[in-house]
Amino acid sequence: YDKDISAQNLFAIQEDIAARIAAEIAEPHGVIHRTGSHLRRAETTVLDAYECRLLASEYWRAPTAESHKRVRSLLERAVTADPRYAGAWAMLAIVYGDELRGGYNHQADPPPLDRALDAAKKAVEIDPMNAIGYHALFMTHFHRGEISAYKKAADRALALNPNYPDLIADYGSCLAFFGDWDGGYGYVKRAIDLSPHPPGWYRAFMAVYFYIKRDYEMALEQTESVQLGAFFWGDLIRAMIYGQLGDKEAANSAVEIARDLAPDFEETALAALSLWNFQPADMQHMADGWRKAGLNVKL
């Protein structure tokens with residue numbers, strides 16, 4: 001432990017160490033989830049339902065349309081096998097939201113965010129102490145534009161587990177996209193510090209943060225040698241950065257990949273950015289980078 005140790009900050013040090021140990025061992029990007037050897041009964045009396053949730057936890061490390069479809073089916077099976085399994089309902093809510101966030105396997109009836117809201121509400125009704133349930137609930141309210149409800153659910157999620165990296169990274173992202181970039185940055189930085197193996201989407205946020213701050217070189221640095229996640233956003237982020245830096249070859253390459261993953265993005269950019277509640281000035285700034293990269297986005 002390489003920070004200053006004194007009687008005055010002893011309790012803060014203890015809390016910091018405890019949070020880091022918990023993240024290293026038990027959180028989604030920690031040792032237990034990486035080994036995959038921890039099949040045990042937890043929260044549910046149906047082992048098959050718990051196995052479904054374990055497989056779902058792998059999805060967030062490297063999401064793809066194929067893995068999303070499989071995980072959605074597994075989680076739906078889990079809540080059928082054990083309808084009182086709060087953790088599975090919470091994860092299912094997030095997976096339903098990814099039909100819009102990532103453009104994965106969209107099912108229109110009922111709409112994804114209606115299904116997500118129903119699943120998240122079930123999670124917190126079954127277990128009011130489940131932070132992941134409130135995580136799913138605040139994300140769903142945020143995307144539905146229900147800002148008051150989002151803030152209330154986010155406060156509850158953070159109170160229940162202030163050291164869950166994915167939760168605080170998602171909260172930081174929401175905070176930033178809604179306009180508080182510096183506040184959001186602090187939360188995502190905390191998630192990176194806590195997580196022993198941060199997923200690529202944490203770095204994707206950092207790249208957007210520095211882009212918004214017009215530090216394009218630092219934004220590019222965040223994307224180098226990092227898989228930003230299989231969401232189409234990773235290549236769109238690279239494209240707008242290269243566009244601002246005037247690197248036409250790299251911009252064209254990123255645009256080509258982005259068009260393969262999201263062929264209608266030029267027409268749907270406004271809806272995609274609005275889903276994340278980006279502010280108008282930030283939308284225009286991002287669109288400027290995309291246009292310089294060769295994407296004729298319509299806002």
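Q: Is helix α9 mostly covered or mostly open, and how many of its residues are buried?
A: Buried means under 20% relative accessible area, exposed over 50% and partly exposed in between, with a 1.4 Å probe and protein chains only. In this predicted model, α9 is mostly covered, with 13 of its 13 residues buried. Helices are DSSP runs of H or I, at least four residues, numbered from the N terminus.

Q: What is the basis of the values?
A: The model is predicted: local features need pLDDT of at least 70, side-chain atom pairs count only at pLDDT 80 or more, and totals for chains, interfaces and linings use all residues. Residues are numbered from 1 along each chain as its sequence is written, and side-chain values use heavy atoms, leaving out hydrogens and water.

Q: At what angle do the axes of α9 and α11 cross?
A: Axes are lines fitted to C-alpha atoms, for helices over the stretch in contact, and angles run from 0 to 180 degrees between N-to-C directions. The axes of α9 (residues 165-177) and α11 (residues 200-212) cross at roughly 20° and come within 11 Å. That makes the two helices roughly parallel, a term for angles under 35 degrees.

Q: Which residues of α11 meet α9?
A: Contact means heavy atoms within 4.5 Å. W201, Y202, F205 and V208 of α11 meet residues of α9, including P165, D166 and F177.

Q: Where is N277, and which residues does N277 contact?
A: N277 lies in the loop between α15 (265-275) and α16 (280-293). Leaving aside neighbours within four places in sequence, N277 is in contact with F142, I147, F177 and F178. N277 is buried, at a relative accessible area of 15%.

How values were computed: Parallel < 35°, antiparallel > 145°, perpendicular 65-115°, else oblique.
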